[in-house]
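Biologist: Could we go through this model together? I would like to understand it residue by residue.
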Amino acid sequence: ITKKFGKQVRKLRLEKGLSQEALAHQADLDRTYIPSIEKGERNVSITVIEKIAKALKIKIVDLFNGIE
């Protein structure tokens, strides 16, 4: 699930035209955190999920659409 979630974050980030660093900045996360999420190396908390969704200007559920 962490790899699938990471792929979804990457897909949505690229659709918004953001770099990993820009997304991390907007989500108030360390710049090294987004790459590790996208690689599926992090088991992110609901708090981090909310920060990412807000930074991408999407609903939390959109981060899980297409993940089975």
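Biologist: Is K57 buried or exposed?
Modeller: K57 is exposed, with a relative accessible area of 69%. Buried means under 20% relative accessible area, exposed over 50%, and partly exposed in between, with a 1.4 Å probe and protein chains only. This is a predicted model, in which local features need pLDDT of at least 70 and side-chain atom pairs count only at pLDDT 80 or more, while totals for chains, interfaces and linings use all residues. Residues are numbered from 1 along each chain as its sequence is written, and side-chain values use heavy atoms, with hydrogens and water left out.

Biologist: Where does K57 lie?
Modeller: K57 lies in the segment after α4. Helices are DSSP runs of H or I with at least four residues, numbered from the N terminus. The phi of K57 is near 60°, a positive value in a residue other than glycine.

Biologist: Why point that out?
Modeller: Most residues other than glycine have a negative phi.

Biologist: Which other residue has a positive phi although it is not a glycine?
Modeller: D28 has one, of about 60°. D28 lies in the loop between α2 and α3, and D28 counts as exposed at 61% relative accessibility.

Biologist: Back to α4, then. Which of its residues are buried?
Modeller: The buried residues of α4 are V48, I49, I52, A53, A55 and L56. They cover an arc of only 165° around the axis, which puts them on the same side of α4. The arc is that of the directions from the helix axis to the C-beta atoms. These buried residues pack against α1, α2 and α3, where contact means heavy atoms within 4.5 Å.

Biologist: What does the face turned away from the buried side of α4 carry?
Modeller: That face of α4 carries the exposed residues I46 and K54. I46 has a relative accessible area of 59%, and I46 forms a nonpolar patch on the surface with I60 and F64. A nonpolar patch joins side chains of Val, Leu, Ile, Met, Phe, Trp or Tyr within 5 Å, from residues with over 30% relative accessible area and no salt bridge.

Biologist: And K54, what does its side chain meet?
Modeller: The side chains of K54 and E50 meet in a salt bridge, at 3.8 Å from N to O. A salt bridge is a side-chain nitrogen of Lys or Arg within 4 Å of a carboxyl oxygen of Asp or Glu. E50 and K54 are 4 residues apart in helix α4, about one helical turn.

Biologist: How many salt bridges does the structure hold?
Modeller: The structure holds 3 salt bridges. One of them joins E38 and R13, whose closest N and O atoms are 2.6 Å apart. E38 lies in helix α3 and R13 in helix α1, so the pair ties together parts that are 25 residues apart in sequence. Both E38 and R13 are buried. Another salt bridge is formed by E15 and K11, at 3.5 Å from N to O; both lie in helix α1, 4 residues apart.

Biologist: What else is buried in α1?
Modeller: Besides R13, the buried residues of α1 are F5, G6, Q8, V9 and L12. Seen down the axis of α1, its buried residues fall within an arc of 160°, so they line one face of the helix.

Biologist: What covers them?
Modeller: The cover includes α2 (20-26), α3 (33-38) and α4 (46-56). The face of α1 turned away from its buried side carries the exposed residues K3, K7 and E15.

Technical notes: Helices (H or I, at least four residues) and strands (E, at least two) are DSSP runs, numbered from the N terminus. Patches are made of residues with over 30% relative accessible area and no salt bridge: like charges are joined within 9 Å, nonpolar side chains (Val, Leu, Ile, Met, Phe, Trp, Tyr) within 5 Å. Accessible areas come from the Shrake-Rupley method with a 1.4 Å probe; for residues, only the protein chains shown count as cover.
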